[in-house]
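Dear colleague,

I am passing on the structure below, together with some notes on what I found when going through it. Please read them with the coordinates open beside you.

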Protein chains: 2
Amino acid sequence: MAKTFFTVGPAQLYPTFAQHIATAVNEQVGSLSHRSEAFRKMYQHADEQLRQLMNIPKTHSIFFAASATEIWERIILNTVAEKSAHFVSGAFGKKFMEFSKALGKQTQVYTSEHGEGFPNLPEYKIAADVELICTTQNETSSGVSIRPDLLSAIKQKYPSKLLCTDLVSSAPYAQIDFTAVDCTFFSVQKAFGMPAGLGVWIVNDACINKSVTIKNKGAHNTLEDYAKNYKTFETPSTPNTLGIYLLGKIAEDMNKVGIDNIRKITDARAEILYKINNEKLQPLVNDLAVRSKTTIVYKSAISAKEWNALIAKDALVVASGYGTFKESEIRVANFPGIGEEAFFQLIRNFE
Amino acid sequence: MAKTFFTVGPAQLYPTFAQHIATAVNEQVGSLSHRSEAFRKMYQHADEQLRQLMNIPKTHSIFFAASATEIWERIILNTVAEKSAHFVSGAFGKKFMEFSKALGKQTQVYTSEHGEGFPNLPEYKIAADVELICTTQNETSSGVSIRPDLLSAIKQKYPSKLLCTDLVSSAPYAQIDFTAVDCTFFSVQKAFGMPAGLGVWIVNDACINKSVTIKNKGAHNTLEDYAKNYKTFETPSTPNTLGIYLLGKIAEDMNKVGIDNIRKITDARAEILYKINNEKLQPLVNDLAVRSKTTIVYKSAISAKEWNALIAKDALVVASGYGTFKESEIRVANFPGIGEEAFFQLIRNFE
C-alpha cells in the first residue's frame, strides 16, 4: 500500500509526478544535451510556469542549482563583501548565518525564541554596514513564518540593502512582493512534490550587479555566469535536466489548479491542523501572526517514531521535530501534493 | 522510434534505467528522508557496488555532490592552500585550472597541443610548492587520455603531493591504482547512463586531513562535513537521493556483467571506431598511447549537425566537437549503455 508522506521534505510526491517521469523516460529527456534547443525550451517552459505560478516579474531571473543549501553559499559569496544580517527563527536560518561566518563575513544576528519568530520584523535595527538582510519566510524546523507584507516593510525601511528570504518550504504558497525581495530561493522536494536534487534561485539585477563588484565569489555557479547563460536559457554547467523538466510540468499542473485554489486549500487545511489541541498534541506556535500554513509543528507527548507506528495502519508518515526537538515535537507538511483522503485520515488519528 | 545517443554526456541511458526508475517510483524513493535508515542503506548499497566495480579500496571514501563541476571547486577549496599544478589537454582540464585561479590560487600549468595529451606525464617537473597535481585521465573535449600507470609513476616521483585525476567520462572503464590517486571524481551522465544531477567524489584521508588545515574552504560540502556524515552513510545536506538509488542499481547491473567484460567490449568497440579513416572522418588523436577508449574524437568533413541529419534514419545521434572545434570535429561516446545493433549501425554509416 502506497504511503502518504506528511514529512516536510523530502515529502509526498506530487500526484502527477509518476506520469511525468514516465513521459520523460519515453521522450529520453535524460539524454538531452544541456546545450540543445530542446533543453532551452525545457528551461524556458519551467521559467514561464514558475513566473505564472508565483507572480515573478521580469525584474527577476530564475536560476537552477543543486539545492537550497548550495544557494545559501552562493548568495553570501555573490552578494556580500563584508557583512550580512540574519533573522534566525530556527535551525535553517541559523545554518544560513553560519555559512556567512564560515565564508569569513561579519554578521549581525537576531535570534528568536523557539516557535516565536519575528512578528515585528520591521522594527529591528539593521547596522549601517550590512549589505544583505537574510530572513526565513518559512522556517521548516520550527514552523514559524514571516508575513510577506513585513518583508516589504523592512525593505522600505532599508531600501539600499539587499533583502533575501528563504521560501524553501513555502513556495509557491507564499505571496511575495518581488518589488521588495531582491533574492529568494526554494528546493523542489518540499511543496513541489519532487525528489531532491534541484534548488531554484530567484534574483533581481541588484544582486547580479552587486556580484560584479565582489572579488572572491567562488568559481562555480556565480551570478555572473548564471546571468550570461540565462540569456539563452542555459546554465553554467550540466544541470539536473530531468529535474528542470519535471518542475516545469508540475508547475504547469499547479497553474491548471490555480494558485488561488492551492492557497485556499492550504489555508483551509492549516486551520484544521491548528485546531488539533489535546493531551497528545499542541501547536508549538501560539502567535497567529507567525504561524506557518505549510509546515505545522506540534509539541507532542510521543515521538514521531511512535506516531508513525500508530498511523502505519493508514500508511501515513509524519516527521520528527528538528535537532534537540526530535523527541518532543512532530512536524506535519501541508503541501499541495497530499490527497484529501489521507489528510482527513491523519486528522482523525490526531483527534 | 527511440534514439540511441552516442553523445558524450548527457548520454545514452543505461538499458536498465527505465526499469529502475519505475521501481523507484513504486517504492516512493523520492519521499525518503535523507536521515532515515532506508536512505543510509541506499547510500551504502551504491558505495559497495561502486567499490566492487571500480576496485576502490577502504582507504578512500565515496561522497556525492551535484556535478563534477561542483567537485572541481570543492577539490581546490579543500585541498589547496596556495598552489595547484594542472596538466591541460583540453577544455575541461582548462576549466578546472581556471577554477583554481578564480579561487585565488597560484597555478603551474602544462598545456598540450589539441589531441596530443601527455604521453610522457612523469617527466614533467612540478614546482616544490605545488600541493595538488590535477590531471584529466580522460578529456571529454579532445578524446585524449592518460594511461593509469603514468598516474602511478608521477605520484611515485612526487609522493608528498596530492594527485587528482578526472574520470568524468572514463569511469568505470579506467583501471585506477588508488594507492597512487588521492582524489578522483566522475559524473553519472556519462558512462553510467543516468540523467545529470549527481557527481561522485572519491578521496582518501590525505585529502580529508589536508582540508582540516585549510581555513577558507567554503561553507557547503566541505570534506570535513562529508567525512563526518559518511560515518553513518549520510550527506551534509539533502542530496539527489533518487540519483544515489539509481547509481547503486546501475553499478550493481554493471557488476553482474562484470567490469572485465565491460572493459573487453569497450576495447573491442574502440578498435572498430578508430579503424574508421576515410575522406569524411579521421581520428583526431594519432598517438595510440593517449587515445581515449571511451570518447572518440574525429576530424570531420561535415559537422555533427549534418551527420545527425544523415543518421536520423537510423535514430542515431553523435556529438559535435567542443568549443572552437564545434564544426570541424565530432565526438562519439563508447559507453556501456549503447546497444550492439545501434553501434554497428553507426559504424556502417561512418564507413
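Which residue in strand 5 of chain B does B:His86 stand opposite? In this model, which is a predicted one, the residue opposite B:His86 is B:Cys134. The strands concerned are strand 3 (residues 83-88) and strand 5 (residues 132-136) of chain B, which run parallel and are joined by three bridges.

Both belong to an open sheet of seven strands in chain B, with mixed pairing and the order 2-10-9-8-5-3-4. Because strand 2 (60-65) and strand 4 (106-111) of chain B stand at the edges with a single partner strand each, one side of each is left without a neighbour in the sheet. From one strand to the next, the twist averages 20 degrees. Helix 7 (residues 223-230) of chain B packs on this sheet, where it touches strand 2 and strand 10 (199-204) of chain B, and its direction makes about 110 degrees with that of strand 2.

Turning to the contact between the chains, 41 residues from chain B and 41 residues from chain A take part, and the area buried between them is about 3200 Å², with carbon and sulfur atoms giving 61% of it. Of the area that chain B buries against chain A, B:Pro10, B:Gln28 and B:Ser31 supply 17%, more than any other three residues.

Two salt bridges are counted between chain B and chain A; in a salt bridge between B:Arg74 and A:Glu73, the side chains meet at 3.0 Å, N to O. By class, the side of chain B that touches chain A has 20 nonpolar, 17 polar and four charged residues.

Technical notes:
Residues numbered from 1 in each chain as written. Chains lettered and ligands numbered in written order. Predicted model: local features only at pLDDT ≥ 70, side-chain atom pairs only at ≥ 80, totals over all residues. Heavy atoms only, no water. Pairing = 2+ DSSP bridges. Helix = DSSP H or I, 4+ residues; strand = E, 2+ residues; numbered from the N terminus. Axes fitted to C-alpha atoms, helices over the stretch in contact; angles between N-to-C directions. Contact = heavy atoms within 4.5 Å. Buried area = accessible area lost by both parts, 1.4 Å probe. Salt bridge = Lys/Arg side-chain N within 4 Å of Asp/Glu carboxyl O. Nonpolar A, V, L, I, M, F, W, Y, C, P; charged D, E, K, R; others polar.
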